[in-house]
Amino acid sequence: MKIIVAVTGASGSIYAERLLKYLSKNHKILAVFSKNAIKIYKEETGSSLKESADITLYDDDDFNAPFASGSSRCDAMVICPCSMGTLGRIASGVSDSLITRAADVMLKERRKLILVVRETPYNLIHIRNMETLTLSGAVICPACPSFYSKPQSIEDLVDTVVFRILDLLGVEHNGFRWGKAK
Ligand SMILES: Cc1cc2nc3c(=O)[nH]c(=O)nc-3n(C[C@H](O)[C@H](O)[C@H](O)COP(=O)(O)O)c2cc1C
């Protein structure tokens, strides 16, 4: 699959780091970081994302990127983590960056858009923006880990969210699943 992975300036860069690790093995990744995400990713993970054979990096002001247009062929877009600022701009149709334009394109083309929102608590504006985007066809997938798999490390805990994102994308993984298969 060809997947757009956008990273914005919410806390939780490790979610993006782990997601990219799983996706880049078998899929073509088109990655874009907001200005704030570049700083926060460096601060939280201690590194910056590098281009590789599977990952192409685009600047957030690069409207020449193929996925700025509906004529491009991308299977899905994930914004991980998604800040409330980016959520609000997408919900209002403000396509002033490559990330918000690409999200707008995914919605208008009726393609898969997954927003891994991270904020707590929510105000009414956040909730209304999530409602607007859900009604527009996006999936709100909060960066909200679960504990029933008994995670032993931060990476295990983060993966409880990352595996749900992979499920939403339709990407196979060997992560924990509740219940025994019959
Ligand atoms: C260290 C740090 C952590 C932040 N965490 C969050 C967060 O979890 N959620 C959020 O919505 N904004 C968070 N912010 C604020 C956003 O970075 C800010 O609203 C920014 O304008 C978002 O821009 P962007 O969506 O273009 O990246 C954080 C900022 C900093 C500096």
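Of the 14 residues around the ligand in this predicted model, those that come nearest are Gly9, Ala10, Ser34, Ser83 and Met84, where a residue is near a molecule if its C-beta atom, placed from the backbone, lies within 6 Å of it. Two or more residues of this shell come from each of α2 (35-45) and α3 (84-91), helices being DSSP runs of H or I with at least four residues, and strands runs of E with at least two, numbered from the N terminus. The composition of the shell by class is as follows.

| Class | Residues in the shell |
|---|---|
| nonpolar (Ala, Val, Leu, Ile, Met, Phe, Trp, Tyr, Cys, Pro) | four |
| polar (the others, Gly among them) | eight |
| charged (Asp, Glu, Lys, Arg) | two |

Residues are numbered from 1 along each chain as its sequence is written. Because the model is predicted, local features need pLDDT of at least 70 and side-chain atom pairs count only at pLDDT 80 or more, while totals for chains, interfaces and linings use all residues.

In α2, the buried residues (20 or more other C-beta atoms within 10 Å of their own, with C-beta atoms placed from the backbone; exposed means 12 or fewer, partly exposed in between) are Ala37, Ile40 and Tyr41. Seen down the axis of α2, these buried residues fall within an arc of 105 degrees, so they line one face of the helix, the arc being that of the directions from the helix axis to the C-beta atoms. The face turned away from this buried side carries the exposed residues Lys35, Lys39 and Glu43. Glycine 46, which follows α2, has a positive phi near 80 degrees.

Arginine 110 lies in the loop between α4 (98-108) and β5 (112-117), and is exposed, with 9 other C-beta atoms within 10 Å.
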